[in-house]
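The sequence and structure are shown first.

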Number of protein chains: 2
Amino acid sequence: MQAIASHERVAIDLGDRSYDIVIGAGLLDKPEAFEGLPQASDAVIVTNEAVGPLYAQRLTTTLQTRYRHVHTVTLPDGEAYKTLSTLNSIFDALLSQGVDRRTTLFALGGGVVGDMTGFAAACYMRGVPYVQVPTTLLAQVDSSVGGKTAVNHPLGKNMIGVFNQPVRVVADLSTLESLPQRELIAGLAEVIKYGPIADEAFLDWIEAHIHDLLGRDVNALAYAIKRSCEIKADVVGQDERESGLRAILNFGHTFGHAIEAGLGYGRWLHGEAVGCGMVMAADLSASLGTLSPQAAQRLRNLVQRAGLPVVGPTLGTPRYLELMRLDKKAHAGEIRFVLLDGLGSAVVRPASDELVAAVVEANTA
Amino acid sequence: MQAIASHERVAIDLGDRSYDIVIGAGLLDKPEAFEGLPQASDAVIVTNEAVGPLYAQRLTTTLQTRYRHVHTVTLPDGEAYKTLSTLNSIFDALLSQGVDRRTTLFALGGGVVGDMTGFAAACYMRGVPYVQVPTTLLAQVDSSVGGKTAVNHPLGKNMIGVFNQPVRVVADLSTLESLPQRELIAGLAEVIKYGPIADEAFLDWIEAHIHDLLGRDVNALAYAIKRSCEIKADVVGQDERESGLRAILNFGHTFGHAIEAGLGYGRWLHGEAVGCGMVMAADLSASLGTLSPQAAQRLRNLVQRAGLPVVGPTLGTPRYLELMRLDKKAHAGEIRFVLLDGLGSAVVRPASDELVAAVVEANTA
């Protein structure tokens, strides 16, 4: 592993919606990380009660070099608040502050803040630009990249949202220093994901460096983030609106969403549910014969070494099936799964309720 | 004026978002009006309590020739319900009925139903297609075409929404038979609008046929709708996202929105507010010297002959200015107006508070 330069850029190629992901330490304080953004008179930082006190003032100072007014909107913290009602509170704040269409929003926080800010930016006065400034590992490697925005609905996660690409992603590695270990681990679930679906060599690398990652070695984190973003950029560049390929990024998410919805959002972190969901999806792949049992076991071991759960909560198998039928990939009641076709390659296909039920039963407490 | 064929098509050219507007009598019952739409297993008709009982069953019967399941969601009737909360009730219904991403929504009703259905279609599972089936004159000539969707916010009309083009517009002239006269008249405001902003010959035609239009002569209505859609298609084709030219379609709307918001949505119909707003905007144009007083008077006479209000409600001039400063065309607190540069040509420019205040005072009770 090489030490990285002061910052790196990963380009995401989407025609007139292309943008850069800038990755580096201390970027919050560097005006150059924000150079070249669309002209605007106002900037609005959308953050939450946990992240705002740590970083909003630093970002404000940096943005004041570019924008006449820099406002802040602070949301409550947590997946439980990723709702249409919280979204509306962003609109209330923007309209109360009287900001117009020449405004850029900045999502300063994790995936929840990013998802809601991107959705709000799509809808405020029918669209203003936004910048992702992710402060969690999960957001830096996954949710801040690719333009998926959404809020949850009591009947399903991320059911209400739009595709809306940011104009830039600024991933400041230094912000990970303040991340609780549980959230760092949850982010590792999405890092691990990129190996089995797209790059077995990256899976090897993660296995070799899992202790460095858990110990927050800055070079290890920088490489993991960069490689994750490269894989995601490649997939999203080929299929922005998930008409096919992009669905592979949801490896582990069909089971994972059922866990999150079944327990109530926020009980397990998203990454924890995805970690456990990947174990289940690998098992289902093994049941269908597209993955060797040894490879499924290898993935389970890595998920466990990362400190992620490998045993799902007891919701009852019928409840798992019911929740998965609401998955956005389902068609006419048939659940479709992202499965592994060997390590490093993923496919989307349906599976019978019987096989899925057996996998759920084998992998829950 | 010529009699029209059984139906006419106006193409709206937006690259891969292009679509047709089909205009004719009795189209609700004609499966051919819906041919060529995207494949889907489910159709969901979104309508309201006033329109649904009249037409939902007929549209259902027609759509059953194409879709396995045809559902209906019925909203309360009126601009007062064009809110994020009503939008959420559409999501509740879609998720409760378990419809997936292979679903097409049909907006059966006026502008409120169309705006909310188009917005819901953009957001449901990050986007499903939708068809506009406008049943009011206003929706047929204006709001169903061009992909502007929105809901209102207490601090401003249409503040929250997205650009989302329908995959077709099916304007059944027969549905206008059930339209209350007040709503027909409100729709005429948007028909009249197209003359002064884009086509003086069309203004001449409307003046010559205002009695036929008020008397619901089907050939007169058909021509007015077709010509209005042609002008709108031309403008939207040049500037889909209102970075410039498209704003001229908002002639009369800056004053009009202030009237609607100041009185509370629903007190005046949107078209009534626009009718009165056009009189004010023409007066402002005359004050600025871009329109002759005679031309402004000519427009006022036509608005009055259509049965639309030409005197605004007394909100107090400061309140008018305050509400207009929230207009989406405003930049950094400066209100920008669509003004006439002679009849048949429009420009967008700011005007001083003093001039605007004088116009408001001259045109309110």
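## Overall build and domain contact

Chain A contains 12 helices and 11 strands. The model is a predicted one. The C-alpha trace of chain A extends over about 60 × 45 × 35 Å along its principal axes.

The domain assignment divides chain A into two parts, domain 1 (7-177) and domain 2 (182-362). Their centres, taken over C-alpha atoms, are separated by 25 Å. Domain 1 of chain A brings 30 residues to the contact, and domain 2 of chain A brings 30 residues as well.

On the side of domain 1 of chain A that touches domain 2 of chain A, each of the following elements supplies at least two residues.

| Element of chain A | Residue range |
|---|---|
| β1 | 7-12 |
| β2 | 19-24 |
| α4 | 137-143 |
| β8 | 156-160 |

With five residues, α4(A) gives the most to this side of domain 1 of chain A. By residue class, the side of domain 1 of chain A that touches domain 2 of chain A comprises 17 nonpolar, eight polar and five charged residues.

Definitions and conventions:
Residues are numbered from 1 along each chain as its sequence is written. Chains are lettered from A and ligands numbered from 1 in the order in which they are written. This is a predicted model: local features need pLDDT of at least 70, side-chain atom pairs count only at pLDDT 80 or more; totals for chains, interfaces and linings use all residues. Helices (H or I, at least four residues) and strands (E, at least two) are DSSP runs, numbered from the N terminus. Domain bounds come from an automatic or database domain assignment. Two residues are in contact if their C-beta atoms, placed from the backbone, lie within 7 Å. Ala, Val, Leu, Ile, Met, Phe, Trp, Tyr, Cys and Pro count as nonpolar, Asp, Glu, Lys and Arg as charged, and the others, Gly among them, as polar.
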